[in-house]
Structures are given as C-alpha cells and as structure tokens.
Amino acid sequence: MADVSYVPILAQLGDDFFSNREGAAKRCPGNNGLCLGWIADNFTDYLDPLWEHVLLSIVPLAIGFVIATALALFAHRYRIMQPFFLFFVGTLFTIPSIAFYLILLNITGRGFTTAVVVLTAYTQVLIYRNVMIGLQEVPAETVDVAEGMGLTRRQILFRVELPMALPTIFAGLRIAASSTVGIAGFAFFAGAGGLGGEIFSDPAFKGNVVTASVLMILLAAVLELIVLVVQRAFTPWERAVAT
Amino acid sequence: MSQVVAALGPFGDAFDFILHQRESQAGTVQVGGPGEIWELSWTHLKLSLAATAIATLIALPIGLWLGHIGRYQFLATSTSNIGRAVPALGLIVFFIAFLGVGFVNVCAALVLLAIPPIITNTYVGIRGVDRETVDAANGSGLTGMQVASKVELPLAMPTIMGGIRIAFVSVIATATVAPLANVDTLGRPIVSPNVYGTAGQLAACIVVALLTFAADAVLAAIQRAVTPRGIKIQANQGRLRGRVPFVSPKRSIQPT
C-alpha cells in the first residue's frame with residue numbers, strides 16, 4: 001500500500017472513505033491533503049474562518065448598501081454632484097485591496113472594523129453605479145405621467161422610480177456580494193481572519209488551499225442566490241416578463 | 001526633516017524606507033531605498049503588463065467573435081461573474097501548488113484573472129453598437145470580417161478599453177501576492193515584514209497604490225484617445241440634456 005497516496009481522489013472514495021478513514025488521514029499528507037478523507041476529518045477547522053468570512057461579507061454589504069443608496073438618491077436629486085460622487089467611489093475602488101487593508105491598519109488598528117471599512121468602500125462603486133443607472137433608465141414619459149397624475153416628487157421617487165429601478169439595483173448588489181467575498185479573502189492582512197487567512201497560513205498544502213477556496217466560491221454563490229431570492233420577492237411584477 | 005518624519009508616525013517611517021536604504025530586521029542585509037523599490041516596481045509592472053497583454057490577446061478575439069455572431073450571451077456575461085467569485089489568492093496559490101513557482105506560472109494565474117472582464121466588456125461593447133449602423137454596413141456590401149473590424153470594433157473601443165483597464169488594475173493589485181511564487185514584486189515587503197519591517201510593508205503598500213493610480217490614469221487617457229469622435233459628440237449632447245433639471249414644474253411637454 002506504499003503508492004496509495006497517488007490513488008486518484010475518486011478511487012479513494014470506495015477505498016476507505018465510508019468504512020475506515022483512520023488510515024486515510026495518515027496517508028493523506030503524502031498526497032498533500034488533496035483527498036476527501038483529509039477534508040472530511042479537518043472540515044471543522046474551517047467552520048470558524050468560514051463564519052468570520054460570512055460576517056466580513058454581510059456586514060460591509062449591508063452598510064455599503066445603505067451608504068451607496070443614500071449617495072445615489074442625493075445625486076439623483078442634486079445632479080451637479082454626480083460626477084464628483086462617481087469619481088470618488090471609482091477612486092476608492094481603484095486602491096489595491098491589500099494596500100488598502102495595510103494602510104488603514106496603521107490608522108484604525110488591527111481587526112474586524114478595519115476590514116469592514118475597506119470592504120464597505122469597495123461595495124460603493126458597484127452599488128452606487130447601479131442605483132444611479134436604474135434611476136436614470138426610468139422612461140421620462142413614465143415620470144411625466146406620474147407628474148400629470150399629481151404625484152409629489154417624493155411619491156414619484158418611492159412609487160415610480162425606485163420600484164422600476166429595483167432589478168438594476170439588485171443586479172449591482174449581486175455583483176457587490178460576490179466581489180466582497182473575493183476581496184474579504186485578503187482581510188487577514190488587516191488581522192480580521194476569514195478563509196484567506198487559512199489559505200495564506202499553509203499555501204503549499206493543496207488540501208488546505210482547495211478546501212478554503214471552494215468554501216469561498218460556495219459562499220459567493222450562496223450570497224448571490226440569496227440576493228436573487230430577495231429580488232424575486234420584492235419585484236413580483238418581473239416574473240410576468242421573461243428576463 | 002526628522003521631526004516631520006516623526007510627526008507622520010508609521011507613514012513617515014514608510015517614506016523614509018522608500019528614500020533611504022536601511023538594515024533589515026535581522027540586521028544581515030540592506031533593504032529599502034529607491035534602488036530596491038524601483039527594482040520591485042519594475043518586476044511588478046513587467047508581470048502585470050505581460051499578464052494583461054496575453055489576456056487581451058486571448059479574450060479580445062473571443063469577445064469580438066461572440067459579440068459579432070450575437071450568440072452565447074449567457075457564456076460571455078457569466079464568465080465575469082465566475083471570475084469575480086473565484087478568490088484571487090486561492091487561484092494563485094492553486095497554480096503554485098500544482099505547477100510550481102516562477103514567473104510563468106504566476107503570470108498564467110494572473111492571465112486567468114484578467115480574461116473575464118475583457119471578454120465581457122468586449123461582448124457588451126460589440127452588442128451595444130447600433131444595429132442600424134451594422135445593417136447599413138452590411139447593406140453597403142461589407143463582408144462579415146470588415147463589419148467586425150471596421151465598424152463594430154472601433155465603435156466598441158471605449159467599452160473594450162474599459163475592460164482592459166479594469167483587468168490591468170486588478171492584475172496590479174493581485175500581483176502583490178506573487179512573492180508566494182518566488183517572484184519578487186512589490187508584494188515582497190508586504191508578505192515578509194519579518195525582513196523588511198512594518199515600515200517596508202507600509203512603504204510597499206503606498207507604492208502599489210500609487211502604481212495602480214498611475215496605470216489607471218494612463219489607461220483612462222488611452223480610452224479617451226481611442227474613442228471615435230462621433231461617440232464623443234454624442235456623449236457631449238447627452239451631457240447637455242442631463243443638465244436640464246429632471247423634475248421641473250415648468251418643463252415643457254415634449255412630443256414623443
């Protein structure tokens with residue numbers, strides 16, 4: 001059984017994955033941890049980083065959504081601000097993430113808060129731009145009709161423009177969700193942990209790298225799916241039209 | 001001078017690291033100073049340029065072809081979704097773990113990161129070309145190849161350059177983890193603070209950020225330069241329209 005470490009992953013499934021995994025865990029380092037036995041035995045080690053990663057994704061998304069939407073509504077009302085806001089959020093997005101984490105770390109200290117500030121900054125351009133585009137794409141005729149019916153400016157915004165912009169807004173939120181999960185992979189530079197920290201702690205061990213990366217991809221997919229479900233719930237009229 | 005440096009705290013120390021050579025943390029070698037910073041920046045830039053150029057050579061024809069035939073929209077737009085979800089760090093480490101260290105391998109990983117935004121933007125740009133314009137070109141007897149290269153490509157150029165710009169900026173940002181593959185980019189002081197010290201780490205961060213801004217500005221200028229004059233005029237007219245207050249009680253009713 002000396003060469004068993006080179007057995008492909010699928011063959012090991014039948015080997016001793018279900019019956020006796022004690023030997024598998026020992027042999028696995030020979031295969032650099034890239035076998036289901038190792039992953040199953042050590043999966044619990046990844047639950048804490050996964051939970052940190054979930055928080056690192058959801059908290060910035062929520063804060064970022066509120067701030068970016070407020071900015072967009074302000075810019076929608078006072079159009080003169082539009083180029084300034086776009087330049088501002090675009091510049092934030094251009095800063096390389098690792099550099100952003102480490103520079104901010106010298107100002108706000110290590111930890112969760114620093115990572116949240118950075119990740120919130122990155123969500124801004126994605127959400128702001130989509131809210132803005134969504135509001136601008138509302139047909140002028142529709143707004144005219146609403147005006148003609150005697151709706152006030154506030155009513156037009158909340159009853160006509162925002163509902164019509166919802167699909168575009170949610171699309172921005174989806175993009176922001178998956179990219180936040182990706183950028184949160186570097187949050188360990190700010191001392192905030194997450195799955196990226198696991199990858200970085202042992203980059204030569206394939207089992208570790210694959211497990212943490214796959215968890216990140218799955219997290220991104222799940223978050224996108226949740227946003228999609230919420231979008232369906234908030235825009236029932238969209239279901240009537242094929243998208 | 002030293003008072004100014006002290007007042008800036010860690011940032012002053014970082015600027016000092018950029019300007020003057022010093023002993024490493026263990027005191028065995030000399031680190032920092034303009035020479036080493038320049039050397040690391042040059043490798044960083046070389047790696048990023050190579051990866052973005054190769055990615056453009058691969059992605060541009062694919063996006064152009066998909067956009068020209070106007071099919072497989074799902075494929076073209078979902079590549080960028082998948083690209084965003086794949087963690088950059090995971091991808092690079094994955095490449096190193098399976099292919100080994102070195103410039104070529106880390107470059108290949110960066111190429112994979114740069115391809116999705118270029119494909120998507122090229123596709124979107126080509127599809128965004130006015131259908132009537134394309135019909136007119138077809139009607140004038142241009143072949144499919146000519147329509148693609150002489151009509152669709154120039155008109156889509158701003159969007160395509162936008163994709164290359166996004167790709168290049170994210171490649172520069174990600175090339176920071178290349179030292180894991182033994183390629184000494186500006187990420188070296190960032191991942192090895194035990195040699196370079198926290199001042200070196202912060203200094204490298206500042207230089208990477210400046211490099212990104214410079215690259216972004218250069219590509220923005222190129223993007224403006226390749227924008228056909230007709231599109232610029234159209235955009236200006238659009239901006240003029242935008243200046244009219246959106247909901248104004250005095251707004252005239254426009255004929256539709």
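**View 1. Helix α7 of chain A, from end to end.** Helix α7(A) covers residues 112-136, and its 25 residues reach 36 Å from the first C-alpha to the last. That is close to the 36 Å expected at 1.5 Å a residue, where the expected span is 1.5 Å times one less than the number of residues. Helices here are DSSP runs (H or I, at least four residues), numbered from the N terminus, and strands are E runs of at least two. The model is predicted: local features need pLDDT of at least 70, side-chain atom pairs count only at pLDDT 80 or more, and totals for chains, interfaces and linings use all residues. Residues are numbered from 1 along each chain as its sequence is written, while chains are lettered from A and ligands numbered from 1 in the order in which they are written.

**View 2. A bend at Q124(A).** Look for Q124(A), where α7(A) bends by about 30° (the angle between axes fitted to the seven residues ending there and the seven starting there). Since 20 of its 25 residues are buried, α7(A) is largely enclosed by the rest of the structure. Buried means 20 or more other C-beta atoms within 10 Å of a residue's own, with C-beta atoms placed from the backbone.

**View 3. The surroundings of Y101(A).** Leaving aside residues up to four places away in sequence, Y101(A) touches T114(A), A115(A), V118(A), F186(A), A187(A), F189(A) and A190(A) (C-beta atoms, placed from the backbone, within 7 Å).

**View 4. Chain A as a whole.** Chain A has 11 helices and 0 strands. Of its 243 residues, 45% count as buried.

Notes
Contact = placed C-beta atoms within 7 Å. Buried ≥ 20, exposed ≤ 12 C-beta atoms within 10 Å, placed from the backbone.
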